[in-house]
Structures are given as C-alpha cells and as structure tokens.
Amino acid sequence: MRRCLVLAQKSFGHTYPNPMVGAVVVKDGKIIGEGWHQKAGDAHAEVNALSKLSNKELIDATLYVNLEPCSHHGKTPPCCDLVLAKGIKKVIIGAKDPNPKVAGRGVAALKAAGVEVISGVLEADCLELNKRFYCFHTRKRPYIILKWAQTGDGYIAPKDYKIGKVFWISDDDSQQLAHRWRAEEHAILVGRKTVVNDNPKLTTRKWKGTNPIRLVIDPSNSIDENAHILNGDAKTVVFNNSLTKKEANVNWVSITNPEILNGILNWCSNNEIQSILVEGGAATIYEFLKSNFWDECRVIETPKLMGNGLKAPMLPKGKKISKKIVGDILHLILNERY
C-alpha cells in the first residue's frame with residue numbers, strides 16, 4: 001500500500017477532478033505489475049497495473065489500490081469490470097471512494113462476484129493524500145489553502161508601497177516553493193487589489209507543472225484589460241456583481257449571492273474545482289479566515305524587519321507545524337474546527 005501511495009503521488013496536480021491513485025499487483029510476495037492514474041481522461045491506475053498481465057499470470061495474485069475501484073462509466077470504463085475480467089480474487093483497498101457515483105458500490109460489486117476485499121489499510125495516509133478530493137465530496141466545497149509571506153515583525157507589505165512595483169518578502173527558495181504549490185492546486189485566487197498593486201501572472205514559472213485556474217474577485221470589473229491575469233497563460237475566472245460572459249480563456253461570472261465567498265465556493269463546487277490556493281491580498285485572506293473557509297494556512301516568515309507597513313493577517317488557531325526553508329521559516333496551520 002505504501003508503494004501505491006508513492007505511485008499515486010507522481011501525478012500530483014495532473015489528475016483534477018479525479019483523485020490520485022496507485023495500484024500494485026503482488027504474487028508470491030513479489031510485485032509483478034504496477035501503475036498509476038497519470039491525468040484526467042487517461043487510464044486509471046488499475047488498468048495501467050493489470051492490462052499487460054495475462055489471466056494466467058494473475059492466478060492467485062492480489063491487487064493493492066489506495067482508493068476503491070470505480071464501478072461506473074465515466075471517461076473510461078469501470079475498473080471493477082477489468083478486475084473481474086482478469087480473474088483477480090483478492091483486492092486490498094486503502095480507503096473507500098466518497099464520490100456518490102462510487103461510494104461503496106465498487107467494494108459491493110467485487111464482493112458480489114466472490115472477490116475477497118479488505119479495506120482500510122493505511123487509511124489515514126490514503127485520506128491525507130487525497131484530502132482535496134475528500135473535502136470536495138464531503139464538504140461540498142474546494143479544499144482551501146491560505147498562503148502569504150510576512151516579515152519577522154509581522155508585516156506583509158511596506159507602508160510606502162508603490163503600485164506596479166512588486167516587493168518580494170521571501171527569498172528565491174521560498175518563491176520556488178510557492179510556484180510548486182501553485183502547480184499542485186486546481187485553482188489560485190486573489191482579490192482585485194492584488195491584481196492592481198502587483199499585476200501578478202499567477203503561473204508556475206519557477207516550477208515545472210500545470211498552471212492553476214486563476215480566480216479573481218473583482219466586484220466592479222475595474223481590472224485593467226491589459227493586466228497579466230487576463231492573458232492567455234491559463235484559464236481565468238473573474239467573479240463580479242454584474243457581468244457574465246466568456247472571451248477566449250477568460251470567463252466573467254456574476255455572483256448575486258450577498259455572501260460573495262459562499263457564491264464563489266458554490267460556483268467552484270458546481271464546476272468541479274477541488275482545491276484553491278488563496279494568495280492575497282490581506283483583505284481577501286481575512287475574509288476567508290473570518291468565514292472559516294480554510295483548511296490550511298501556509299505562512300512564510302522571513303528574518304527581514306520592516307518596522308511599519310501593512311500588517312499581516314493574524315495566525316489562526318489550529319495545529320501548527322514550523323520548519324526552516326533555507327533562509328525562511330514555513331508555518332503550517334491546520335484547521336481543526338471540522
């Protein structure tokens with residue numbers, strides 16, 4: 001099962017809206033086949049692990065998979081059908097699938113066909129790997145990560161901040177890490193002020209990976225049409241109060257819900273966006289904290305001192321883990337109020 005998790009991790013950031021899944025085939029104590037789901041629309045892990053093995057080779061073999069095999073037709077056929085067609089008689093599962101289209105039906109189908117099924121092996125690790133997928137299906141909203149950088153004395157930007165001039169608080173190593181985080185999440189979100197002040201691209205320039213979907217909160221549609229956020233680098237959604245239209249890769253979505261965060265998260269849920277990295281600014285992050293719409297906070301603290309300026313958000317209560325990243329410190333806070 002640990003090997004399944006290692007394999008599944010290889011596709012981090014490439015499978016949305018599908019979960020990360022690895023599969024291993026064992027016979028006589030040896031691995032004879034393995035595979036993982038590499039990206040949405042491609043073959044599932046079980047298919048990649050089993051397809052090159054004959055039924056004769058699979059006699060008395062056991063299939064290990066970190067997530068319950070699917071039992072429904074999507075972009076690919078049900079994995080349960082392949083498992084049965086290959087004559088597998090024993091399946092070890094890490095965790096059950098929360099997707100209502102599966103939700104125990106895969107296990108039931110295998111058992112009904114006489115397959116021995118054991119569930120819950122390294123379940124906590126399996127749930128952690130696909131925490132975004134589980135949050136989406138159980139809480140009916142994306143998994144939300146709040147991220148910001150602050151100085152050692154608690155400031156997020158200088159007092160004499162000049163629009164259009166980016167002020168870097170964290171060092172190069174932390175900036176590369178932040179771009180890796182972008183590649184791992186389904187979407188990235190900022191408020192209007194961040195776009196106006198920093199004109200960010202919100203891409204993975206410093207890390208090889210898929211650009212996340214860019215989400216912008218701009219109630220009055222005041223963002224300059226030449227802003228980087230509206231270029232063709234990635235799909236972009238602009239949430240506002242009045243306009244609904246689509247041009248090229250940019251989608252303007254009118255949110256009429258007076259609680260705009262509720263409206264945005266409902267839209268994300270309806271459009272299968274499973275995770276959001278919220279990168280600012282301070283006011284936007286504060287609204288997520290105030291509404292308790294967050295699962296993790298990732299705060300990069302530098303040894304720099306600013307003396308005055310824009311205060312960083314107060315660290316929320318939760319399980320806190322701190323570790324050094326070359327010259328900076330990463331504070332990870334987990335929301336335990338669920």
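In this predicted model, the largest nonpolar core holds 36 residues, of which Val25, Leu63, Ile88 and Val91 touch the most other members. A nonpolar core is a set of buried Ala, Val, Leu, Ile, Met, Phe, Trp, Tyr and Cys residues joined through side-chain atoms within 4.5 Å. Buried means under 20% relative accessible area, exposed means over 50%, and partly exposed lies in between, with a 1.4 Å probe and protein chains only. A second, separate core of 31 residues includes Trp148, Ala187, Ile273 and Phe293.

Residues are numbered from 1 along each chain as its sequence is written. The model is predicted, so that local features need pLDDT of at least 70 and side-chain atom pairs count only at pLDDT 80 or more, while totals for chains, interfaces and linings use all residues; side-chain values use heavy atoms, with hydrogens and water left out.

Leu63 belongs to strand β3 (residues 62–67); helices (H or I, at least four residues) and strands (E, at least two) are DSSP runs, numbered from the N terminus. Leu63 counts as buried because its relative accessibility is 0%. Apart from residues up to four places away in sequence, Leu63 touches several residues, among them Val25, Leu50, Val83, Ile88 and Val91. Contact here means heavy atoms within 4.5 Å. By comparison, Leu63 and Phe12 are 51 residues apart in sequence and 22 Å apart in space, C-alpha to C-alpha.

**Two helices**

Helix α4 (residues 105–112) has Gly106, Val107 and Leu110 as buried residues. Seen down the axis of α4, these residues fall within an arc of 100°, so they line one face of the helix. The arc is that of the directions from the helix axis to the C-beta atoms. An α-helix has 3.6 residues a turn, so residues three or four places apart point the same way. The cover over the buried residues of α4 includes α3 (79–85), β4 (90–95) and β5 (116–119). Just after α4, Gly114 takes a positive phi of about 90°.

Helix α7 (residues 172–184) has 13 residues and should span 18 Å at 1.5 Å a residue; its end C-alpha atoms are 19 Å apart, which agrees. The expected span is 1.5 Å times one less than the number of residues. Among the buried residues of α7 are Leu177, His179, Trp181 and Arg182.

**Aromatic rings and charges**

Rings of Phe, Tyr and Trp (its six-membered ring) pair if their centres lie within 6.5 Å; planes under 30 degrees apart count as stacked, over 60 as edge-to-face and the rest as tilted. By this rule there are two aromatic pairs.

| Pair | Centre to centre | Between the planes | Type |
|---|---|---|---|
| Phe133 and Tyr134 | 6.2 Å | 90° | edge-to-face |
| Phe239 and Trp267 | 5.4 Å | 80° | edge-to-face |

Phe239 lies in strand β10 (residues 236–240) and Trp267 in helix α9 (residues 260–270), so the pair ties together parts that are 28 residues apart in sequence. Both Phe239 and Trp267 are buried. Phe133 is buried at 4% relative accessibility, and Tyr134 is buried with a relative accessible area of 12%.

A charge sits over a ring if NZ of Lys or CZ of Arg is within 6 Å of the ring centre and within 35 degrees of the ring normal. The charged end of Lys10 sits over the ring of Trp36, 5.3 Å from its centre, and that of Lys245 sits over the ring of Trp252, 4.8 Å from its centre.
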